[in-house]
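Good morning, and thank you for coming. Please keep the sequence and the model in view while I speak.

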Amino acid sequence: MTYKFVNGWKFPEYESRLCSVDDQGNSTYTGLTHVYQALQHVDKFNTFVDVGANVGLISVPLCSKFRKVISIECIPETYECLKYNLDKFPNARAYNFAASNTNSTIQVAIPKDN
């Protein structure tokens, strides 16, 4: 697997749709708008869990808001990017798992191109 870097972030080479990072290296992922709206209803900022964290476009910005950030990503190549992108945040932990209500194995598909 090859990787690319966009303004300080690591992405899988095949990824183009989610390379949402501005020139300053800040996540511009559109889903953050909804997350920030939801955070208006949060009283305690102890732990944030990001399931299906991808490369951390939500996890990374929330490292500055939460005491602890736990990010879960099942695709090994994407997980490698997630670990790299979270590396500078001591309050973040990344795990290479899938989350489910059953104990089993899964098969994931990695796109060959866009």
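**Helices, strands and a salt bridge**

The buried residues of helix α1 pack against helix α2. Before I go further, please note that this is a predicted model, in which local features need pLDDT of at least 70, side-chain atom pairs count only at pLDDT 80 or more, and totals for chains, interfaces and linings use all residues. Residues are numbered from 1 along each chain as its sequence is written, and side-chain values use heavy atoms, with hydrogens and water left out.

Some terms come next. Helices (H or I, at least four residues) and strands (E, at least two) are DSSP runs, numbered from the N terminus. Buried means under 20% relative accessible area, exposed means over 50%, and partly exposed lies in between (1.4 Å probe, protein chains only).

Let us return to α1, which covers residues 32-39. Which of its residues are buried? They are Leu32, Val35 and Leu39. Viewed down the axis of α1, these buried residues fall within an arc of 60 degrees, so they line one face of the helix; the arc is that of the directions from the helix axis to the C-beta atoms. The general rule is that an α-helix has 3.6 residues a turn, so residues three or four places apart point the same way.

I turn now to the strands. Strand β3 pairs with β4 (residues 68-72) in the parallel sense, over five bridges; two strands pair if DSSP finds at least two bridges between them. Opposite Phe48 stands Val69 of β4.

Next, the salt bridge, that is, a side-chain nitrogen of Lys or Arg within 4 Å of a carboxyl oxygen of Asp or Glu. How many does a search of the whole structure find? It finds one. The side chains that meet in it belong to Lys83 and Glu80, at 3.7 Å from N to O. Both residues lie in helix α3 (residues 76-86), three residues apart, which is about one turn of the helix. Lys83 is partly exposed, at 35% relative accessible area, and Glu80 is also partly exposed, at 31%.

Consider another lysine, Lys10, in strand β2 (residues 9-12). Is Lys10 buried or exposed? Lys10 is buried, with a relative accessible area of 15%. Lys10 and Lys83 are 73 residues apart in sequence, yet 9.2 Å apart in space, C-alpha to C-alpha. Leaving aside neighbours within four places in sequence, Lys10 is in contact (heavy atoms within 4.5 Å) with residues including Glu80, Tyr84 and Asn85.

Asn85 itself lies in α3 and is buried, at 5% relative accessibility. Beyond its neighbours within four places, the contacts of Asn85 include Trp9, Lys10 and Val60.

Finally, two asparagines in loops. Asn7, between β1 (3-6) and β2, has a phi near 50 degrees, a positive value in a residue other than glycine. Asn54, between β3 and α2 (59-62), has a positive phi of about 55 degrees, although Asn54 is not a glycine. Asn7 is partly exposed at 36%, and Asn54 is partly exposed at 21%.
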